[in-house]
Amino acid sequence: MLRAPEGERIALASYDPSATPAGPAGKAAGVAATAALAPRLAALQDRLYAASTGGDRRRLLLVLQGMDTSGKGGTVKHVIGLFNPSGCRIHAFKAPTPEERNHPFLWRVMKALPQPGEIGIFDRSHYEDVLIARVRELVPRPELGRRYGQIERFEQSLADDGVTVVKVFLHLSYEEQRARLLERLDNPEKHWKFNVGDIDERALWPAYQEAYEIALERCSSPTAPWYIVPADRKWYRNWAVSTLLLEHLEALDPAYPPGDFDVAESRARLLRT
């Protein structure tokens, strides 16, 4: 229900950021439902990691994009917290370093990809290079246009190499962002999370919405679709992303690899010690 249509221009204004499609009936039920998914998610992660020891190259990459305060970090905390952290590879993309600017824009992304058996999480991603780059006009438009094609080919190459790419746009409302920024201002313990520049960025809200609409249209494919998750309700966001991960891991259906030893003989030897 949350999957974005492929090849169509999307009007984000037609999507309700406070909606709860197919979700539990209310916050308490949503929190309980998310917690109930934990054993199944953990078991599938364990099988995925174990399968890699037998040569299975498959892994999963969760890409989180959204406006400031949309809940990218909160999703990492509450959803990825359901997994064993030793099997996760989390990377938060910031402004490119001088070294990264000296390379093609996908260079730093390739360095952060999950290894076989792992679950990777990108807090922001390569899409920053067609989002903020478009809004802030950081690159010429012809170069920007080429980047969409590069991203599509890159994501197809990931799929060909056994990476299941789950791209989530956390759809936040303008009003809810204001409320969350005010909450940070009103709580001294959250001042470290507040950036004065976030106020300036709000003036560019329409431009960012357009940039996301273009990215959703140009870079949604059968092998790497976008999912639009309403993000005004944090409990629903957590449940929806957890459910998406569960569905994709169940589709992978990883299996424990068979042992390459004689079980009976090993048991007998062990009992003799």
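Let's start at Arg 147, which touches Phe 105, Asp 129, Val 130, Ala 133 and Val 139, leaving aside residues up to four places away in sequence. This is a predicted model, so take what follows as a reading of that prediction. Arg 147 sits in helix 6, which covers residues 141-160. Is this arginine buried or exposed? Its relative accessibility is 10%, and because buried means under 20%, Arg 147 counts as buried.

From there, step over to the largest nonpolar core, a group of 38 residues in which Phe 122 and Tyr 127 have the most contacts. Helix 6 turns up again here: along with strand 1 (59-66), helix 5 (128-135), strand 4 (163-171), helix 9 (205-218) and strand 5 (226-230), it supplies at least two residues of this core. Helix 9 gives the most, with seven residues.

Have a look around Tyr 127 while you're there. Not counting residues up to four places away in sequence, Tyr 127 touches Gln 65, Ile 151, Glu 155, Lys 167, Ala 215, Cys 219 and Trp 226. There is also a second, separate core of 33 residues, and Leu 44, Val 79, Trp 239 and Leu 245 are among its members.

Notes. Residues are numbered from 1 along each chain as its sequence is written. This is a predicted model: local features need pLDDT of at least 70, side-chain atom pairs count only at pLDDT 80 or more; totals for chains, interfaces and linings use all residues. Side-chain values use heavy atoms; hydrogens and water are left out. Helices (H or I, at least four residues) and strands (E, at least two) are DSSP runs, numbered from the N terminus. Buried means under 20% relative accessible area, exposed over 50%, partly exposed in between (1.4 Å probe, protein chains only). Contact means heavy atoms within 4.5 Å. A nonpolar core is a set of buried Ala, Val, Leu, Ile, Met, Phe, Trp, Tyr and Cys residues joined through side-chain atoms within 4.5 Å.
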